[in-house]
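Dear colleague,

Please find below the structure I am handing over to you. My notes on its pockets and surface follow.

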Amino acid sequence: MRVEFDPEAMGSTAFYRFLTSVVIPRPIAWVSTVTSDESTEKLAPHSFFSTASTDPPIVQFASIGRKDSLRNVEDTGEFVANFSSEPLLELINATAIDFPRPVSEFDTAGVER
């Protein structure tokens, strides 16, 4: 039986929940970046994360909205995809807050670099 889902009819929140439940278990990348002036190290979880190719080797994440992670990658061309695990869930959630750009989630959440 084919079932179709219309994102517009569902609304953005319901469709987001549906879409993120399609891939189980869903890997979460804990993406670390640095501002272009290297003054602030940022850390944020991204649930849209995967490998895209092996030749050339490509790892990707998608930012929902224009967050600091995306801005820093655009400015520097670099990011680190750290793997998150369940024992770190509280720390991961603590870095999911939309902190102001000059605030480091490493420092705020007490995450060792």
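**Pockets and a surface patch**

By class, the residues that line the second largest pocket comprise four nonpolar, four polar and four charged ones. Please note that the model is a predicted one. This second largest pocket has a volume of about 210 Å³. Its lining is made up of S32, T33, V34, T35, E38, E41, T76, E78, F79, V80, F106 and R113. Strand 1 (residues 29-34) contributes the most to that lining, namely three residues.

The largest pocket holds about 550 Å³ of space. It is lined by 28 residues, of which A44, P45, H46, S47 and A96 are the closest to its centre. Strand 2 (41-46), helix 3 (68-76) and helix 4 (89-94) are the elements that each give two or more residues to this lining. Strand 2 supplies the largest share, with five residues. In terms of class, the lining of the largest pocket divides into 13 nonpolar, eight polar and seven charged residues.

Turning to the surface, M1, V3 and F5 form a nonpolar patch there, and together they have about 410 Å² of accessible area. V3 belongs to the segment that precedes helix 1 (7-10). Why is V3 classed as exposed? Its relative accessible area is 52%, and exposed means over 50%; V3 is therefore exposed.

Yours sincerely

Methods: Residues numbered from 1 in each chain as written. Predicted model: local features only at pLDDT ≥ 70, side-chain atom pairs only at ≥ 80, totals over all residues. Heavy atoms only, no water. Patch = residues over 30% accessible without salt bridge, like charges linked within 9 Å, V, L, I, M, F, W, Y side chains within 5 Å. Areas by Shrake-Rupley, 256 points an atom, 1.4 Å probe, with all protein chains shown as cover. Salt bridge = Lys/Arg side-chain N within 4 Å of Asp/Glu carboxyl O. Helix = DSSP H or I, 4+ residues; strand = E, 2+ residues; numbered from the N terminus. Buried < 20%, exposed > 50% of the residue type's maximum accessible area, 1.4 Å probe, protein only. 1 Å grid on protein atoms, 1.4 Å probe; cavity = no way out; pocket = protein on both sides within 12 Å on 5 of 7 lines; lining within 4 Å. Points joined across faces, edges and corners; volume = space filled by probe spheres on them. Nonpolar A, V, L, I, M, F, W, Y, C, P; charged D, E, K, R; others polar.
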